Amino acid sequence: MWGLVRLLLAWLGGWGCIGYLAAPARAWAGSRKGPGPALLRTRRSWVWNQFFVIEEYAGPEPVLIGKLHSDVDRGEGRTKYLLTGEGAGTVFVIDEATGNIHVTKSLDREEKAQYVLLAQAVDRASNRPLEPPSEFIIKVQDINDNPPIFPLGPYHATVPEMSNVGTSVIQVTAHDADDPSYGNSAKLVYTVLDGLPFFSVDPQTGVVRTAIPNMDRETQEEFLVVIQAKDMGGHMGGLSGSTTVTVTLSDVNDNPPKFPQSLYQFSVVETAGPGTLVGRLQAQDPDLGDNALMAYSILDGEGSEAFSISTDAQGRDGLLTVRKPLDFESRHSYTFRVEATNTLIDPAYLRRGPFKDVASVRIAVQDAPEPPAFTQAAYHLAVPENKAPGTLVGQVSATDLDSPASPIRYSILPHSDAERCFSIEPEDGTIRTAVSLDREAHVWHNLTVLATELDSSAQASRVQVAIQTLDENDNAPQLAEPYDTFVCDSAAPGQLIQVIRALDRDEAGNSSRVSLQGPLGPDANFTVRDNRDGSASLLLPSRPAPPRQTPYLVPIELWDWGTPALSSTATVTVSMCRCRPDGSVASCRPEAQLSPAGLSTGALLAIVTCVGTLLALVVLFVALRHQKQEALMVLEEEDVRENIITYDDEGGGEEDTEAFDISALQNPDGAALAAPGPPARRDVLPRSRAPRQPRPPGPADVAQLLALRLSEADEDPSVPPYDSVQVYGYEGRGSSCGSLSSLGSEAGAPGPTEPLDDWGPLFRTLAELYGAKEPPAP
């Protein structure tokens, strides 16, 4: 009989190892009763089922989990059992003699759930297989050793505030590493540990939902929910894990704006211009973002006329500004209502409205110093031309709004009346002409009148005064231009020669209507026909004018229809010309007959006389200048050496005291007595000049010439210095110290006779230099 493999069931310490018995099958061959083929018995392969081992067993000895046995093994020790495959020899070992299989260490199903092994029985001596190898599986049986975990936790979720009960917030999912197919080790149940009564969780799916209605973000914006997952179906003894879910309530527009106060009071100066910020209104809306955006409007008409309100860049505050100029004297305050409204309104929350609020605003207008105000924004005055200076033109008037009784002073800005055509009374603003006006020179005069408060010169205002100069008929009509025309000598009677136009500088009307009239009578050479539109036609009469060498001068009389009527006379020049057949001018007789103009005999004599006189003057001037140059050249030749000496002479040093009389430099009190006779003054220029000694004949000697010139200078009282040397050398009488000049000092007395120490502190330094006594010689 082929070997049988027996799987033994053994229980060790409550741990069970279950095996199944399998043996090879044989085919039987033999006779059978009755006809038919004989039955044959054939050998089958090994059939192994699964072995099971409980995980996490950690006993002191290896655990027997099964046994292999073959009927070939008769206990003689000739059979050896072999085990190969996953974990063979390390995790699982087999007793070669008995076939017992042991597990050597604790197994973890979460690391490896099963092991595939190969069993075989061989002859111990020859290792010849006694049984074919057969594969079998050892499965690790699970126990509840892993708690649930949340791999994606902690969670963050958002749900709109005011959501209904049961609104889904988020789904949490826990995982249990135990075997879900064996027992309840991986069967999880979800519960809320913290977060009630606001949120709930589905026990099977882990979906978190709102549990109460109308959760308000403005009351509580964030919630922390703790979710637990427990295995074993939530029963006692199961393992559990937890996670947190942070739920944030998102904002919806469920709150209307609200003014924190019912009355706002502001003040503004009356001089504030349009656009000036008066105040800021802020309605409170606890919502966020676009749900809190607001628009402001003024409800009452009187407030909207003087003020306007707009929303700031953030869309939260209302900015109240001045819309038009204010006047404290006309109105002291304004009171009106302001409405704040949400710009975005959710229809789902209309029941919580209305989404607007109203507050009252009172604005006090403050008085401010204002310049005088003219009664008109601009003045338009008129005055006739040619009126005498001082003619009344009109009057401007301004009032001090702050103090109507305060006096105002008026003046005309100089740049607006550069020609000084007008004057104004400073007290009452009466404007008069300063010169006679001419409308034809200036029709309009635009003045700027300045009104200044007498008490405060800084408060001043200006106004434009336009003065129109009214026209009078003071200009006689005249021709529009000088007319110098021609007529062909072959022209037919009645032919139009020229259209003459008149001009009147006076204003349009009767004064500008001009009539023209030419010479009358049968002897008139030309006919002038008035066209009654300010022009006249110059025609050839029925009797043509006789030919003549000089042009015809046709007198024209012009007059207007003004009051009084003015007239003037003008002349039109008409030349008789010879024309070609096509009518173009060939030549005019006056031009052809003209002879070249000449000068009369008297005019020629006058011109010749003038030319001769001019030539004589020129010759005389040249001769005199030439003579003067020769005289200068002679003097230069004679005095060339003296000139050189004069420029290079730096003085004679101490010899000058002998060469010049220096008595003028000395003190008059200490000078020698003068010689009898009238005293010689050396401070004025002498009337007589000493004769100059002639130069010695013979060759020129520089030293002799110098000595000669030096003696002449000594004897000549007219040479400088003769007027001012004593001013610097003599300080005048009355000084306690006399003259300080050394020129008048005695040779043996270098200092004054009296001690210098007695002169006082101003002469202390001089006393130290000259007055100090030398110590006696030893």
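Author: What follows starts at the core, moves to the charged pairs, and then goes out to other parts of the chain.

The model is predicted. Start with the core. The largest nonpolar core has 25 residues. Phe307, Leu320, Phe336, Val361 and Ile363 touch the most other members. Strands supply this core. Those giving two or more residues are E19 (263–269), E20 (277–282), E21 (294–298), E22 (307–311), E23 (317–322), E24 (333–342) and E25 (356–366). In soluble globular proteins, nonpolar side chains tend to be buried together.

Zoom in on phenylalanine 336. Leaving out neighbours within four places in sequence, phenylalanine 336 contacts Phe307, Leu320, Val361 and Ile363, among others. Its contacts also include Ile298, Ala359 and Ser360. Asp300 and Gly303 are on the list too.

Now the charged pairs on these strands. Arginine 280 and aspartate 317 meet through their side chains in a salt bridge, 3.2 Å from N to O. Arginine 280 sits in strand E20 and aspartate 317 in strand E23, so the bridge ties together parts 37 residues apart in sequence. How exposed is arginine 280? Arginine 280 has a relative accessible area of 43%, so it is partly exposed. Aspartate 317 is buried, at 10%.

A second pair joins lysine 356 and glutamate 339. Their side chains form a salt bridge at 3.9 Å, N to O. Lysine 356 is in strand E25 and glutamate 339 in strand E24, 17 residues apart, and the pair links distant parts of the chain. Lysine 356 is partly exposed, with a relative accessible area of 43%. Glutamate 339 has 15% relative accessibility; the cut-off for buried is under 20%, so glutamate 339 counts as buried.

Salt bridges also occur elsewhere. The whole structure holds ten. One of them pairs glutamate 218 with arginine 217, side chain to side chain, at 2.8 Å from N to O. Glutamate 218 is partly exposed at 25% relative accessibility. Arginine 217 is buried, with a relative accessible area of 8%. Shared partners join Arg217, Glu218 and Asp251 into one network of salt bridges.

Aspartate 178 lies between strand E13 (168–171) and strand E14 (189–194). Its relative accessibility is 1%, so aspartate 178 counts as buried. What does its side chain meet in a polar contact? The partner is the side chain of asparagine 146, at 2.8 Å. Aspartate 178 also touches Asp142, Ile143, Asn144 and Asp145, among others. Arg109, Glu110, Ser185, Ala186 and Asp231 are in touch as well. That list leaves out residues up to four places away in sequence.

Now the backbone. Most residues other than glycine have a negative phi, and most peptide bonds are trans. Check these sites against that. The peptide bond from glycine 153 to proline 154 is cis, with omega near -5°. Proline 154 is in the loop between strand E11 (134–141) and strand E12 (155–160). The bond from leucine 196 to proline 197 is cis too, with omega near 5°. Proline 197 lies in the loop between E14 and strand E15 (199–201).

Two residues have positive phi without being glycine. Methionine 162 has phi near 65°. Methionine 162 lies in the loop between E12 and E13, and is buried at 8% relative accessibility. Arginine 420 has a phi of about 55°. Arginine 420 is in the loop between strand E30 (408–412) and strand E31 (422–424). Its relative accessible area is 48%, so arginine 420 is partly exposed.

Move to the surface. Ile607, Val611 and Leu615 form a nonpolar patch there, with about 280 Å² of accessible area together. Isoleucine 607 is in helix H3 (residues 601–638). Isoleucine 607 is partly exposed, at 47%. Serine 542 is exposed, with a relative accessible area of 68%. Serine 542 is in the loop between strand E40 (535–539) and strand E41 (552–560).

Last, the whole chain. The secondary structure comes to eight helices and 43 strands. Of the 778 residues, 33% are buried. Among contacts between residues at least 6 apart in sequence, 65% join residues at least 24 apart. The chain exposes about 47,300 Å², and carbon and sulfur atoms supply 55% of that area.

How values were computed:
Residues are numbered from 1 along each chain as its sequence is written. This is a predicted model: local features need pLDDT of at least 70, side-chain atom pairs count only at pLDDT 80 or more; totals for chains, interfaces and linings use all residues. Side-chain values use heavy atoms; hydrogens and water are left out. Helices (H or I, at least four residues) and strands (E, at least two) are DSSP runs, numbered from the N terminus. Buried means under 20% relative accessible area, exposed over 50%, partly exposed in between (1.4 Å probe, protein chains only). Contact means heavy atoms within 4.5 Å. Accessible areas come from the Shrake-Rupley method with a 1.4 Å probe; for residues, only the protein chains shown count as cover. A polar contact is a pair of N or O atoms within 3.5 Å; within protein, one must be able to donate a hydrogen and the other to accept it, and residues adjacent in sequence count only if both atoms are side-chain atoms. Patches are made of residues with over 30% relative accessible area and no salt bridge: like charges are joined within 9 Å, nonpolar side chains (Val, Leu, Ile, Met, Phe, Trp, Tyr) within 5 Å. A salt bridge is a side-chain nitrogen of Lys or Arg within 4 Å of a carboxyl oxygen of Asp or Glu. A nonpolar core is a set of buried Ala, Val, Leu, Ile, Met, Phe, Trp, Tyr and Cys residues joined through side-chain atoms within 4.5 Å.
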